[in-house]
Amino acid sequence: MASIFSHAIAAGALGTLRYPKKEVFKYFALGIFCATFPDFDVIMFKLGVPYDHPFGHRGFFHSLLFSYLQGLFIVRVFYSELAFATRASMTIGFYFFCCGVSHSVLDAMTNGGKGVAFFAPFDNTRYFLPWRPIEVSPVDVESFFGEWGIRVLQSEFYYVMIPSLLLMFGMYWIGKFTK
Ligand SMILES: [Zn+2]
């Protein structure tokens with residue numbers, strides 16, 4: 001995993017590309033939820049599910065299908081006023097889908113653990129991106145508060161946080177000048 005901070009900031013940055021005029025907080029909060037939820041699959045370790053199992057850590061809950069289902073669920077539950085399969089519901093659902101996918105892509109850019117099963121449960125092959133500059137984050141919280149955690153935050157600062165902030169400020173300025 002990358003750290004929860006990076007997944008959250010990436011979701012926030014993606015959200016600035018297009019966001020609704022009302023209920024903005026709800027929109028971003030749910031986006032951050034979608035981008036961080038997949039790592040709750042670490043509970044599978046406790047349940048005795050092996051890492052490389054299709055439902056293990058970085059398995060199904062990090063797949064494209066899960067991101068799609070998660071986005072669909074969020075829209076149906078939190079945007080129930082939007083009719084099914086309309087442009088409005090699909091646009092907002094696409095954002096939540098992208099937040100889930102951003103999690104998997106960032107994990108696939110980390111330098112440790114097993115790869116991400118993007119196509120689970122149909123294909124359990126674990127993938128990494130060819131470029132893996134992000135220091136892998138420890139699964140247990142205790143290890144994060146130490147030298148390892150500092151290395152993680154350092155690498156994420158350069159490869160996730162700075163690009164995300166640039167995107168946010170870029171969108172802010174574009175919005176300012178196109179009003
Ligand atoms: Zn993850």
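Select Gln-70 and display its surroundings: leaving aside residues up to four places away in sequence, Gln-70 touches Cys-34, Phe-37, Phe-96 and Gly-100, where contact requires C-beta atoms, placed from the backbone, within 7 Å. The model is a predicted one, in which local features need pLDDT of at least 70, side-chain atom pairs count only at pLDDT 80 or more, and totals for chains, interfaces and linings use all residues. Residues are numbered from 1 along each chain as its sequence is written.

Gln-70 itself belongs to helix α4; helices (H or I, at least four residues) and strands (E, at least two) are DSSP runs, numbered from the N terminus. Is Gln-70 buried or exposed? Gln-70 counts as buried because it has 22 C-beta neighbours inside 10 Å. The class of a residue follows from the number of other C-beta atoms, placed from the backbone, within 10 Å of its own: buried at 20 or more, exposed at 12 or fewer, partly exposed in between.

Next, select α2 (residues 24–36) together with α4 (residues 64–78). Two packed helices are described by the angle between their axes and the distance between the axes. Here the axes come within 11 Å and cross at roughly 150 degrees; axes are lines fitted to C-alpha atoms, for helices over the stretch in contact, and angles run from 0 to 180 degrees between N-to-C directions. The two helices, α2 and α4, are therefore roughly antiparallel, the class for angles over 145 degrees. On the α2 side, Lys-26, Leu-30 and Cys-34 meet Gln-70, Gly-71, Ile-74 and Phe-78 of α4. The residues of this contact divide into four nonpolar, two polar and one charged, where Ala, Val, Leu, Ile, Met, Phe, Trp, Tyr, Cys and Pro count as nonpolar, Asp, Glu, Lys and Arg as charged, and the others, Gly among them, as polar.

The axes of α2 and α5 come within 7 Å and cross at roughly 35 degrees. Leu-30, Gly-31, Cys-34 and Ala-35 of α2 meet Tyr-95, Phe-96, Cys-99, Gly-100, Ser-102 and His-103 of α5. The division in this contact is six nonpolar, four polar and no charged.

Now turn to the backbone in the loops. Most residues other than glycine have a negative phi, and most peptide bonds are trans. Select Glu-23, in the loop between α1 (4–15) and α2: its phi is positive, about 55 degrees, although Glu-23 is not a glycine. Glu-23 is partly exposed, with 13 other C-beta atoms within 10 Å. Arg-58, in the loop between α3 (43–46) and α4, likewise has a positive phi, near 65 degrees. Arg-58 is buried, with 28 other C-beta atoms within 10 Å.

Of the 179 residues, 35% count as buried.

Key
Parallel < 35°, antiparallel > 145°, perpendicular 65-115°, else oblique. Contact = placed C-beta atoms within 7 Å.
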